[in-house]
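Please examine the sequence and the structure before reading on.

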Amino acid sequence: MKIVITRRIPDSIKQMLEVNHTTYMWQEENVPIPYELLLEQVKDADALFTNVSDRIDKPIFQAAPKLKVVSTMAVGYDNIDIGEATARGILVGHTPDVLSEAVADLTFALLLATARKVVEAMNYIKEGSWKGWGPMLLTGQNVYNSTVGIIGMGGIGKGVARRASGFGMRILYHNRRRREDMEQELGVEYSSLDDLLQASDFVVMLAPATLETRRMIGERELSLMKPTAILINTSRGSNIDETALITALKKRQIWGAGLDVFEVEPIHADHPLIALDNVVLLPHIGSATVATRMEMAEMTALNILMGLSGKKIINIVNP
Ligand code: DGY
C-alpha cells in the first residue's frame, strides 16, 4: 500500500512505514508540500502522514479514492475536514498527550520571556545599546504571586497550572466543562471567561480550534483585561482576533502578548505584529523538543500502521 508523507521525517520513522508499504515523501522539512502536488500524490494513496500546516479538505479526499487513514503529527486537527473523512469511512489519527509537557514548558517560557522582556533585552545588548545599569531599564511584570487565567484546561493546561503553582500564582481556569478533579488536585479555581479576563495578570489561551472558540478573544474581551496584563497563545491563532489584538497592543490597552501561533502561518517580515515592541513571537514551536517530536512522529506512524492493518487506532479522532 502507498503512504504519502507530506514532510521530510526522520529515517527511523520512514523505515517503520516502509516495512510492508511503499512511500512517497516530500523532501523538504520546513516547507509545506504544494497543494497541487499533494492532490496528485494522493490519487493512489492508502494513507497520509500529515501535519498542522497541510490543508486536508474535501478536494483532497475526492482525489483519493483509496485513502483509508490520515494521521497528523499534531494534537490539533483543525486543518482536516473531519466530517468529510468520517463520511468516507476514513480514519483520522492524531498525537495527544505526548506533547503536553513540552508545550506547557514553551507556554511558560513565552510567559516569562514576555513578562521580563527577555528578547528585547538580548537585542538591546546585540545593538550595542547597553551603556550601564538603569533603575527602570527594561523593567517588566512580576510573575511570582501573580494571577494566571488558563483558557482550555486539558493536558497542556494542567501542565501550565503545575508550573504556575511553583511560581506561587493564583490559578483561574475557564473550560467547556468544569474540571473538579483538577480543582482538587491543583487548587485551580473555575471562573467565567469575563471574570478570568478581568482578574488575570496572564491570560493563557490553550483551547482547541473549533467553531465555538473561533476569535474567542476579540475587542470586547481584550477591553476587559488589565492594562498590565499579558496574553499568551500557544494553541491556535484562530482563537484570537489578531486585528483586535494588534489594536489593543498599539493602544497599550494590554501590556503585551507572547504568541507561538497566528491566524495565518507563517507570518512574514511585513506582518504588523512584528513592528510592535510589546510582543514576543515564535514560529509555532510549542512541541519542538527532539524527544517530543520523535514521539509524535512515531505515534503518527503507528496510527497509520494500525489503521492499514485493520487494527483499532488508539489515538483516533473519528471513532
Ligand atoms: C499540535 O500538536 O497541534 C501543535 O500545534 C503542533 O506542534
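How far apart do the end C-alpha atoms of residues 3-318 lie, and what share of the span is helix and what share is strand? The model under discussion is predicted. In this model, the end C-alpha atoms of residues 3-318 lie 20 Å apart, and the span is 35% helix and 14% strand.

**Annotated spans**

This span comes from an unreviewed UniProt entry, where residues 3-318 carry the annotation "domain: D-isomer specific 2-hydroxyacid dehydrogenase catalytic". The unreviewed entry also annotates residues 108-286, as "domain: D-isomer specific 2-hydroxyacid dehydrogenase NAD-binding".

**Two assigned domains**

The domain assignment of the chain gives domain 1, made up of 2-98 + 290-308, and domain 2, which covers 100-281. Their C-alpha centres lie 31 Å apart. Where the domains meet, five residues of domain 1 are in contact with seven residues of domain 2. On the side of domain 1 that touches domain 2, three residues are polar, two are charged and none is nonpolar.

**A pair of helices**

Helix α1 (residues 11-18) packs with helix α12 (residues 290-308) at an angle of about 5°, and their axes are 10 Å apart. Because angles under 35 degrees count as roughly parallel, α1 is described as roughly parallel to α12. From α1, the residues Ile13, Met16 and Leu17 take part in the contact; from α12, they meet Ala297, Glu298, Ala301 and Ile304. The residues of this contact comprise six nonpolar, one charged and no polar.

**The surroundings of the ligand**

Which residues are found around the ligand? They are Val52, Ala74, Val75, Gly76, Leu99, Gly286 and Ser287. This shell contains four nonpolar and three polar residues, and no charged ones.

**Two features of the backbone**

Most residues other than glycine have a negative phi, and most peptide bonds are trans. Two places in this chain may be read against that background. Asp97, although not a glycine, has a positive phi of about 70°; Asp97 is placed in the loop between β5 (91-93) and α5 (100-115). The peptide bond from Glu265 to Pro266 is cis, with omega near 0°. Pro266 belongs to the loop between β11 (256-259) and β12 (279-281).

Technical notes: Residues are numbered from 1 along each chain as its sequence is written. This is a predicted model: local features need pLDDT of at least 70, side-chain atom pairs count only at pLDDT 80 or more; totals for chains, interfaces and linings use all residues. UniProt positions are given in the numbering used here, feature names are shortened, and annotations may be inferred rather than shown by experiment. Helices (H or I, at least four residues) and strands (E, at least two) are DSSP runs, numbered from the N terminus. A residue is near a molecule or strand if its C-beta atom, placed from the backbone, lies within 6 Å of it. Ala, Val, Leu, Ile, Met, Phe, Trp, Tyr, Cys and Pro count as nonpolar, Asp, Glu, Lys and Arg as charged, and the others, Gly among them, as polar. Axes are lines fitted to C-alpha atoms, for helices over the stretch in contact, and angles run from 0 to 180 degrees between N-to-C directions. Angles under 35 degrees count as roughly parallel, over 145 as roughly antiparallel, 65 to 115 as roughly perpendicular and the rest as oblique. Two residues are in contact if their C-beta atoms, placed from the backbone, lie within 7 Å. Domain bounds come from an automatic or database domain assignment.
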